[in-house]
Amino acid sequence: MTVKKRNLKYRINWRDARDAILQERIGGAKLRFDPDIQTKSASDFSKRIKEGEYEYGRKTVEAFSGFLDPSMGVLEIGPGPGTVTVPLSKMVRQVTAVDLSLRNISHLEENLREEGRENVDVIHKNWLHTDDAVLRDSYDLVFCSHFLWMIPDLEGHLEKMENASRGYCAIVQPAGRGDLVKEVYTAITGREYGGEFEPDGDYFAYVILREWGRLLNVEHFSFTNTMTLDEKVRSTASFIGRFVEVDEGVAGRIRDLVLPHANENGEFVETNNVVVMWWEVAPTKNK
Ligand SMILES: C[S@@+](CC[C@H](N)C(=O)[O-])C[C@H]1O[C@@H](n2cnc3c(N)ncnc32)[C@H](O)[C@@H]1O
């Protein structure tokens with residue numbers, strides 16, 4: 001039993017563009033200025049979503065309101081610290097959240113505890129190694145947020161999502177980045193910024209799904225992030241470090257470049273956009 005797809009003679013060649021972008025990103029960020037950066041960055045992220053009172057997640061749940069039902073069982077792929085998981089778990093019967101990072105899982109579990117959520121099963125697993133035969137038609141909603149660049153095979157990922165759903169699928173993806181990190185990229189690397197660390201991957205998924213004949217509902221919202229100077233330096237370094245090694249000298253330059261952009265409280269406030277796409281899987285199944 002497979003999900004029906006259209007067999008098109010003419011297809012958009014999205015693959016080359018996506019592969020080229022991925023080629024530039026490959027390899028973890030080279031961050032030599034702080035041995036604890038990954039632990040600190042994960043905790044910065046968790047702190048940030050809580051300080052923002054889960055704005056990103058609450059607005060995602062609002063965007064899901066066209067189909068969400070309190071009786072739903074949901075599979076979330078790559079929940080991180082619970083950006084969407086926490087608010088969504090308040091609106092549905094049950095959430096299963098699969099993540100391969102123990103660091104992020106510990107933040108997720110702490111945040112679920114703090115919010116008294118008991119309807120979330122947290123599973124430490126690589127989504128790509130889950131068994132499609134076991135997952136088939138198991139959830140009313142299967143979704144991922146800020147995840148599309150984490151996997152090499154986008155079509156395979158979308159197929160796996162549809163396989164596990166008996167109702168709906170959704171993709172939530174930040175769209176664009178703030179200007180400051182792009183300015184710092186140019187100042188440090190000497191290269192004009194060309195979208196190298198843009199998070200939007202939604203358009204690749206859109207093209208694939210439309211080629212398959214899926215009818216997508218597309219919405220968007222904006223949310224605000226606030227960071228301290230140290231957090232802003234770590235966050236900016238995590239992007240720049242994919243292109244040049246960030247040692248103490250480069251980290252110092254990043255600090256000098258971002259500092260003038262702090263507000264009167266010494267904080268960095270940034271508003272970013274997010275795209276939400278959802279579609280009904282069930283009607284196209286088994287046709
Ligand atoms: C950028 S974070 C997004 C977190 C959250 N969904 C959000 O929107 O803020 C991506 C998450 O996906 C997880 N992840 C990446 N690849 C994965 C995989 N193959 N299987 C399961 N989780 C994965 C990472 O550990 C991380 O927690």
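## Exercises on a predicted model

Gly 52 sits in the loop between α2 (37–51) and α3 (55–63). Helices (H or I, at least four residues) and strands (E, at least two) are DSSP runs, numbered from the N terminus. Residues are numbered from 1 along each chain as its sequence is written. The model is predicted: local features need pLDDT of at least 70, side-chain atom pairs count only at pLDDT 80 or more, and totals for chains, interfaces and linings use all residues.

**Exercise 1. Describe the surroundings of Gly 52.**

Step 1. A residue is buried if 20 or more other C-beta atoms lie within 10 Å of its own, exposed if 12 or fewer, and partly exposed in between; C-beta atoms are placed from the backbone.

Step 2. Apply them. Gly 52 has 16 C-beta neighbours inside 10 Å, so it counts as partly exposed.

Step 3. List its contacts. Two residues are in contact if their C-beta atoms, placed from the backbone, lie within 7 Å. Leaving out residues up to four places away in sequence, Gly 52 touches Phe 223, Thr 224 and Asn 225.

Step 4. Check the separation. Gly 52 and Phe 223 are 171 residues apart in sequence, yet 8.7 Å apart in space, C-alpha to C-alpha.

**Exercise 2. Find the buried side of α8 and what covers it.**

Step 1. Pick out the buried residues of α8 (residues 179–189): Val 181, Val 184 and Tyr 185.

Step 2. Take the arc, that of the directions from the helix axis to the C-beta atoms. These residues cover an arc of only 105 degrees, which puts them on the same side of α8.

Step 3. Turn to the other face. The exposed residues Asp 179 and Thr 186 lie there, away from the buried side of α8.

Step 4. Name the cover. It includes α10 (229–240) and α11 (248–258).

Step 5. Look past the end of the helix. Just after α8, Gly 190 takes a positive phi of about 75 degrees.

**Exercise 3. Which residues touch the most other members of the largest nonpolar core?**

Step 1. Define the set. A nonpolar core is a set of buried Ala, Val, Leu, Ile, Met, Phe, Trp, Tyr and Cys residues joined through C-beta atoms within 7 Å.

Step 2. The largest core holds 46 residues, and Cys 169 and Ala 170 touch the most other members. Strand β7 (residues 268–280) gives this core its largest share, 6 residues.

Step 3. Not counting residues up to four places away in sequence, Ala 170 touches Phe 64, Leu 141, Phe 143, Val 276, Met 277 and Trp 278.

Step 4. Separate the second core. This core has 14 residues, including Tyr 185, Val 233, Val 246 and Val 258.

**Exercise 4. Characterise the shell around the ligand.**

Step 1. Count a residue as near if its C-beta atom, placed from the backbone, lies within 6 Å of the molecule. The ligand is surrounded by 17 residues; the closest are Gly 78, Gly 80, Thr 83, Ser 101 and Ser 145.

Step 2. Assign classes. Ala, Val, Leu, Ile, Met, Phe, Trp, Tyr, Cys and Pro count as nonpolar, Asp, Glu, Lys and Arg as charged, and the others, Gly among them, as polar. The shell has 8 nonpolar, 8 polar and 1 charged residues.
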